[in-house]
Amino acid sequence: MRTPQRVPAGGLPDEVTIYEVGPRDGLQNESAIVDVKVKAEFIRRLVEAGLRTVETTSFVHPKWVPQLADATELLAQLDLPDDVRAPVLVPNERGLDRALAAGVREIAIFASATETFAAKNLNSTVDEQFAMFTPTVQRALAEGLSVRGYVSMCYGDPWEGDVPIEQVVKVGARLVDLGCHELSLGDTIGVATPGHVTALISAFTAAGVPIDKLAVHFHDTYGQALANTLTAFREGVTTVDSSAGGLGGCPYAESATGNLATEDLLWQLNGLGIKTGVDLPKLVETSVWMAEQLGKPSPSRVVQALAG
Ligand code: HMG
Ligand code: MG
């Protein structure tokens, strides 16, 4: 399989952590409900390709996201190596109960920076979401779990338009104060551009959130995800969310499309000589296999180029 010529560039990390969201962010947005055995095989293959952090599913209300209603069953089918982190989304205490019963050790809560998306995605206001998260995170930490926090609509909202940077930082800083060990800045509808990325990351560090707590999460709606990710690396971020094959979106934000494809990211990182521990040909094989299961081609440019 073709590989990029390795030519490192300055001002970039030696190594980055890929936080794979395909099984969760990808499959939550598929109109077809994927069989639980296929999901388990997908996760097994992602791990086999070298991914060491895989967000596997969500313990949200099964009526809100029927695609992931089989979360308990799925986790019971997984037999992951000890060095694999397998976080799940949890919105509230009911979700935490279910996650704990399934043996989960790591969760992610997900906040909205805007009122409209908080209403549509969590049936709450921006303030009310914290009333839901506070007892959830407190209990999770007391149980020894680690908690990631997402902020959605960081760069724009399909109903409200521009989102002020201070508004995003306020929500994100509250998540860190609650005890989240990491904050993933979500470009839910893929509208960010590099200057905006730099400005948001700088605003977070100026507000006292250390750079090593920040992760980036770009959807690729406007083809900006890779440029934005490279910008974040230059700012010192070393954890990036991506989705095998470019699967993804959010069922409560119509304009959200797939995440940055893990293969597109890997092509760039391999060319730059940045270590990830992930095997690109194996991942491409996995995404080709998954595309067959879903009955449609992968939107990833690198999968398309390498699969032929
Ligand atoms: P609600 O209807 O307001 O819930 O939904 P409620 O608290 O009023 O409870 C109603 C009933 O639901 C109760 O049952 C609860 O027990 C039950 P009853 O007493 O009536 O029999 N219930 C649950 N059952 C199972 N699991 C649960 C659960 N919670 C309540 N966890 C709620 C509020 C938060 C639950 C709902 O809005 C929800 O599930 N939302 C999730 C939406 C979602 O998953 N969106 C996609 C993920 S976010 C995303 O993709 C963005 C991201 O990728 C970053 C980015 O791109 O920006 C992370
Ligand atoms: Mg997302």
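Contact here means heavy atoms within 4.5 Å. On that basis, in this predicted model, Ile107 touches Val88, Val90, Leu96, Ala140, Leu145, Ser146, Val147 and Arg148, once neighbours within four places in sequence are set aside. Ile107 also turns up, along with Leu175, Phe204 and Met290, among the residues with the most contacts inside the largest nonpolar core, a set of 92 residues. Helix α2, spanning residues 36–48, is the biggest giver to this core, with 7 residues.

Then there is the sheet. Its 8 strands pair in parallel and run in the order β1-β8-β7-β6-β5-β4-β3-β2, leaving the sheet open. Because β1 (17–20) and β2 (57–58) each have a single partner strand, one side of each lacks a neighbour in the sheet. At the β1 end, the pairing with β8 (residues 239–242) is parallel and covers 4 bridges, with Tyr19 opposite Asp241 in β8.

As for rings, the whole structure holds 3 aromatic pairs. One of them, Phe117 with Trp159, is stacked, at 6.4 Å centre to centre and 20° between the planes. Phe117 belongs to helix α5 (residues 115–122) and Trp159 to the loop between β5 (146–152) and α7 (165–178), 42 residues apart. Phe117 is buried at 2% relative accessibility, whereas Trp159, at 37%, is partly exposed. Tyr155 and Phe218 make a tilted pair, since their planes meet at 35°, with centres 6.0 Å apart. Tyr155 sits in the loop between β5 and α7, and Phe218 in strand β7 (residues 214–218), 63 residues away; both are buried.

Definitions and conventions:
Residues numbered from 1 in each chain as written. Chains lettered and ligands numbered in written order. Predicted model: local features only at pLDDT ≥ 70, side-chain atom pairs only at ≥ 80, totals over all residues. Heavy atoms only, no water. Core = buried A, V, L, I, M, F, W, Y, C linked by side-chain atoms within 4.5 Å. Buried < 20%, exposed > 50% of the residue type's maximum accessible area, 1.4 Å probe, protein only. Helix = DSSP H or I, 4+ residues; strand = E, 2+ residues; numbered from the N terminus. Pairing = 2+ DSSP bridges. Phe/Tyr/Trp six-rings, centres within 6.5 Å; stacked < 30°, edge-to-face > 60°.
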